[in-house]
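Please examine the sequence and the structure shown below. The report that follows describes selected features of the two chains.

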Amino acid sequence: MADSRKRKSVVAAAAVFVILEIAAIFMLSGSRSLQDIWINKASHRTLATLWRSGESVRNYFSLDKQNKSLTTDNLILSARIRELGAEAGTPGKELADTVFGHFRYIPATIVKMSRNTQHNYIILDKGSADGIRPQSGIITSNGVVGVVHLVDEHYSYGITLMNPMLSVSARVGKAGPVATLGWDGHSSNGAVLRNLPLHHSIAKGDTVWTSGFSSVFPNDIPIGVADRVRMVDGSLNEADVELFQDFGALRYVVIIDNLDRDEISALEKEAVQ
Amino acid sequence: MTRRFVFTYLVLFAIQIVLANYLNFGPYFILCWFPAMILCLPVTFSTVSVLLVAFVTGFVADFLTTGTIGITIIPLLVVAYSRNTVIRMVFGSELLSRREDVSIHKQGAAKVSLALLIVSLVYFSIYAVIDAAGTYPALLVLIRIAVSTLVSVPVSLYVVGVLSPREADRWR
């Protein structure tokens, strides 16, 4: 009798274990399911609210440092506006709008950002109410940060360059080869430029820019500098890139929305058909 | 299970959540004492109850830290399921028969450390592999498991001391 009861409890425990493990694995792997997006959104919304309070305290204590950084950025941007104004023959004020060419620039504050996992993400305090759409780029004056993945009413969730799921089309030098840039997998300011043709010589210190060959980022945003170059599989080169943006020291970002994205997507769909 | 145990469990859980959110230890190491908390659950708890507690603990932890639901639940369920086996292996079946809880005072720091080493190793092995998802080199995953286990075991030993009712009585 006791043996039978013991056997039953062992079987019940094993069944519960298997059921719970399967449930957990489903939760983990169903990243494309609506339920997962819902759970993620709810989780991030809660986290965003919690982190907003925490961040405001932290922001207060780092205001001095931020002010210095903003002043420097402001000086650089003012110089750039003057430069562009002189080239275009138009007053600087018109260029200081948030829309440049086909892109709209929306400043945002980081509510939360993970840096110590393999799939790092970022939560920003701007959402659909501010005109943010998924697949918008996230940048700073120091380069590319990531891409918006999910958008809530007041917050958006993006994956950062410190995430193997994100790769960016990049160019070495202003007229060099175009290749794919992805995270190196361990450092907060390191990336790897993959699939570089062998016949292009890349020197250590060459600047890496966005290529503009996607509807997410405009061209010529500086990303970093090339470091060690090595041959892979005897047919391609791979270069380490030291990013200008250290992900360990981020607070504010700019979200870029391509105003022509729908038109480009429609054209691509039409071409496929 | 006393009210003090529930309160201490919740406080330790909250500290772990705050720590995971605010302290960045880099990619080489994770500090986590959830396996110790599961090990310290009363021995009178059935395996099913321990599994349910582990599931809820992992779910809430994932919800409040990484947002990747499942990453803590999966290894924690394995720890919960193997808990009685570890207790039997390290402390002997007498502890289960006498329905005594795991305590440094009664079982000794060496035996408790050994049990913590086993459950932490199980937990971090699974966690690191899932978190890496094939993107880390194997050596880096192994370093992560080893460093996380070595760092977390002494902290977990302290956690066992805090959770253990005998320890509290001793200093009263």
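## Strand 13 of chain A

Ile139(A) stands opposite Val254(A), a residue in strand 13 of chain A. Strands and helices are here DSSP runs, numbered from the N terminus, with at least two residues (E) for a strand and at least four (H or I) for a helix. The model is predicted: local features need pLDDT of at least 70 and side-chain atom pairs count only at pLDDT 80 or more, whereas totals for chains, interfaces and linings use all residues. Residues are numbered from 1 along each chain as its sequence is written, while chains are lettered from A and ligands numbered from 1 in the order in which they are written.

Strand 4 (residues 137-140) of chain A is joined to strand 13 of chain A by 3 bridges, and the two run antiparallel. Two strands count as paired if DSSP finds at least two bridges between them. Strand 13 of chain A is also joined to strand 2 (residues 103-113) of chain A, through 7 bridges and again in the antiparallel sense. In this second pairing, Thr109(A) stands opposite Tyr252(A). Strand 13, which spans residues 252-258 of chain A, is mostly covered, since 5 of its 7 residues are buried. A residue is buried if 20 or more other C-beta atoms lie within 10 Å of its own, exposed if 12 or fewer do, and partly exposed in between, with C-beta atoms placed from the backbone.

## A barrel in chain A

In chain A, 6 strands close into a barrel in the order 7-8-9-12-11-10, with antiparallel pairing. The twist from one strand to the next averages 45°. Strands of a sheet pair through backbone hydrogen bonds, either parallel or antiparallel.

Strand 11 (residues 222-232) of chain A pairs with strand 12 (residues 236-243) of chain A over 7 bridges, in the antiparallel sense. Ala226(A) stands opposite Val241(A) of strand 12 of chain A.

## The helices of chain B

Chain B has 9 helices and 0 strands. Of its 172 residues, 44% count as buried. Phe7(B), placed in helix 1 (residues 3-22) of chain B, is exposed because 10 other C-beta atoms lie within 10 Å. Phe7(B) and Leu163(B) are 156 residues apart in sequence and 9.6 Å apart in space, C-alpha to C-alpha.

How do helix 4 and helix 7 of chain B pack? Helix 4 (residues 73-91) and helix 7 (residues 109-132) of chain B meet at an angle of about 155°, with their axes 10 Å apart. Axes are lines fitted to C-alpha atoms, for helices over the stretch in contact, and angles run from 0 to 180 degrees between N-to-C directions. The two helices of chain B are therefore roughly antiparallel, a term for angles over 145 degrees. The residues of this contact divide into 18 nonpolar, 1 polar and 1 charged. Ala, Val, Leu, Ile, Met, Phe, Trp, Tyr, Cys and Pro count as nonpolar, Asp, Glu, Lys and Arg as charged, and the others, Gly among them, as polar.

## Where the chains meet

The contact between the chains takes 26 residues from chain B and 25 residues from chain A. Two residues are in contact if their C-beta atoms, placed from the backbone, lie within 7 Å. On the side of chain B that touches chain A, the elements giving two or more residues are helix 3 (47-64), helix 4 and helix 7 of chain B. Helix 3 of chain B provides the largest share of that side, 6 residues. The residues of the side of chain B that touches chain A divide into 16 nonpolar, 9 polar and 1 charged.

Key:
Angles under 35 degrees count as roughly parallel, over 145 as roughly antiparallel, 65 to 115 as roughly perpendicular and the rest as oblique.
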